[in-house]
Amino acid sequence: MGLNKYIIKRIILLVFLLWAVSTMIFFLIHLIPGDPVVSILGEGANQQDIERLRNQLGLNKPLIEQYISYFKDILNFNLGNSIFNNKSVISNILEYLPNTIYLAIFSMIIAILISFTAGTISAFKENTITDSVITFLSSSALAIPNFFLGPLLIILFSIKLGWFPVSGSEGFKYLILPSITLGTSLSAYLTRIVRVSISKELKKPYVLFARAKGLSEKHIFFHHILKNAMIPIITTIGLQFGALLTGSIVTETVFSWQGIGVLLIRSINRRDYPLVQGLIIFITFVYLFINFAVDISYFFISPAIRKEIEKK
Amino acid sequence: MKKNNIQLRIGIVLLSIVVLSLIIGYLINGINIEINLEHRLEASSKRFLLGTDELGRDLLSCIIYGAFLSLLTATIVVTISSVFGSSIGMISALSGGIIDTISMRIVDIILSFPGILLAIALVSFFNQGFWAIVFALTFSSWVGYARIVRSEALKHKNSLFIISAKSYNSSFFRIVFSHLLPLSLPLIIVQASLSVSGIILSESSLNFLGIGLKPDIPTLGQLIDSGRGHIFDRSEMIIYPGIILFLIIISFIFIGEGLRKRFEIDL
């Protein structure tokens with residue numbers, strides 16, 4: 001199987017999942033007990049308002065018709081309008097998205113810095129006390145919820161030391177604590193993967209051979225070991241984007257960082273169903289596309305995987 | 001099987017200490033989570049050992065109540081999802097064909113949602129409540145068991161011992177319950193113990209975000225959330241429930257990892 005065939009197969013799977021996920025979200029909203037219109041307007045709303053909103057949301061049409069128009073809308077990137085501010089769902093998302101992207105990028109940078117340093121040290125000092133301490137710390141980072149670590153950092157760095165602002169999203173200064181919070185939890189898992197994949201490579205004969213050839217340790221590490229260890233690490237980074245997307249919901253809430261996570265929780269509390277639906281579709285689609293990109297990237301990074309795919 | 005397993009031991013000891021101190025706290029202090037607005041935000045005293053929260057509830061009672069609620073939620077979710085997921089996996093593997101394809105596609109679809117987003121979606125479209133949370137978390141966690149049990153059953157389905165069991169007319173149930181299921185059991189146990197920490201984390205996150213249980217029911221997530229309003233003057237409102245939550249989660253991580261190593265399973 002060549003590259004083209006592999007990519008086509010992955011695209012078919014992607015399209016299927018996009019369809020299935022949006023269908024599931026559609027039925028979630030339409031088959032739940034209770035009337036969304038009533039819960040948006042509250043129990044005491046008068047019949048006229050209920051009918052008007054029902055018309056506006058298209059909920060009075062037969063289910064099949066709603067389903068078809070729902071798909072037409074998705075294909076046209078039209079996710080409806082927010083009930084709360086009447087702007088389109090897309091423009092709401094675009095307004096909040098940059099903040100989430102900044103947070104994602106900075107937390108990922110922090111996570112990569114922490115995990116490559118800690119994981120490499122751990123791998124080189126395998127089964128020593130240093131290794132155990134790093135392993136224990138990464139388990140702790142995995143166990144500490146973002147909504148606990150965040151306030152702890154605020155207490156320490158904002159209230160006691162006064163270095164960073166408590167919350168808000170007015171500039172770079174406001175980004176640091178949220179990024180450390182999210183980056184720490186991301187680094188937990190990544191550290192283990194870095195440690196395992198580097199220590200696996202360290203034991204391979206080519207390392208011994210390279211040393212025998214007299215290559216410097218630095219050269220061996222950066223040109224040979226790291227390159228081979230990258231595959232599982234990149235996979236994990238790719239898959240961690242899911243954790244990044246949902247982790248940012250909690251972290252943004254802790255720091256009132258105005259990203260799409262805050263927007264999602266706010267619209268859930270306001271019962272702004274079109275916006276909630278749009279955000280869930282958007283976040284899931286982004287996640288699926290990233291996974292798709294990770295899968296395709298194997299092909300270019302690893303000759304071994306490429307050969308395996310080509311053989312099939 | 002590795003015998004000397006420090007992680008597993010630390011996990012079990014830590015969890016026992018936490019649970020025991022919660023029980024002792026309950027026995028000494030009792031549980032009183034009634035809202036009492038006359039006693040809002042009181043400092044610690046003989047009557048309220050850790051003080052009160054912004055609704056005038058005894059903070060210690062709230063923490064004990066919330067911790068047990070988390071453990072209860074996790075127990076129910078793990079039980080339902082392991083039984084349901086394993087059954088689907090087993091049925092899928094043994095029947096094959098269209099049933100297998102459909103159930104595995106459903107698994108793929110559920111796995112397409114990142115992290116707790118699916119649970120957030122489910123909880124936000126349903127009404128708030130304990131069973132809504134249980135349903136939402138079960139919905140996203142049964143798929144793990146289905147995948148594992150399916151692949152384990154597929155591996156052994158055509159083994160010699162199954163064929164010979166069939167040859168002397170073992171019933172379908174006998175093959176499943178005394179041959180295939182015991183082989184998958186270590187995998188199910190490891191998956192269950194590894195998933196507990198994630199479930200407790202998701203449950204408390206939903207409550208922290210205010211889309212879980214109603215705020216008059218104390219949960220660790222909700223306690224931390226309400227403590228954020230008093231971060232300047234009473235940071236212990238965040239720190240105490242946070243530490244308990246952290247200890248519960250980390251002991252389950254150790255237990256899960258320890259069991260995984262003990263059974264030498266690579267999940």
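What follows is a working chat about a predicted model with chains A and B.

Colleague: Before we start, what should I know about the model and its numbering?
Modeller: This is a predicted model, in which local features need pLDDT of at least 70 and side-chain atom pairs count only at pLDDT 80 or more, while totals for chains, interfaces and linings use all residues. Residues are numbered from 1 along each chain as its sequence is written, and chains are lettered from A and ligands numbered from 1 in the order in which they are written.

Colleague: OK, chain B then: how many helices and strands are there?
Modeller: Chain B has nine helices and zero strands, where helices (H or I, at least four residues) and strands (E, at least two) are DSSP runs numbered from the N terminus. Its C-alpha atoms fill a box of roughly 75 × 45 × 25 Å along the principal axes.

Colleague: And what percentage of chain B counts as buried?
Modeller: Of its 267 residues, 46% are buried, meaning that 20 or more other C-beta atoms, placed from the backbone, lie within 10 Å of the residue's own.

Colleague: How many residues does each chain put into the contact between A and B?
Modeller: Chain B and chain A each give 36 residues, with two residues taken to be in contact if their C-beta atoms, placed from the backbone, lie within 7 Å.

Colleague: Which helix of chain B gives the most there?
Modeller: That is H9(B), with eight residues on the side of chain B that touches chain A. By class, this side has 23 nonpolar, 11 polar and two charged residues, where Ala, Val, Leu, Ile, Met, Phe, Trp, Tyr, Cys and Pro count as nonpolar, Asp, Glu, Lys and Arg as charged, and the others, Gly among them, as polar.

Colleague: Switching to the largest nonpolar core, which residues have the most contacts inside it?
Modeller: They are A:Leu279, B:Ile63, B:Ala119, B:Val123 and B:Ile249, in a core of 127 residues; such a core is a set of buried Ala, Val, Leu, Ile, Met, Phe, Trp, Tyr and Cys residues joined through C-beta atoms within 7 Å. Helix H2 (residues 59-95) of chain B gives the most to this core, with 14 residues.

Colleague: What does B:Ala119 touch?
Modeller: Leaving out residues up to four places away in sequence, B:Ala119 touches B:Ala136, B:Leu137, B:Ser140, B:Ser202 and B:Leu206.

Colleague: Last one, how far apart are the C-alpha centres of the two domains of chain A?
Modeller: The centres of domain 1 and domain 2 of chain A lie 32 Å apart, the bounds, 2-75 and 93-311, coming from an automatic or database domain assignment. Between them, 16 residues of domain 1 are in contact with 14 residues of domain 2, and H1(A) supplies the largest share of the domain 1 side, 11 residues.

Definitions and conventions
A residue is buried if 20 or more other C-beta atoms lie within 10 Å of its own, exposed if 12 or fewer, and partly exposed in between; C-beta atoms are placed from the backbone.
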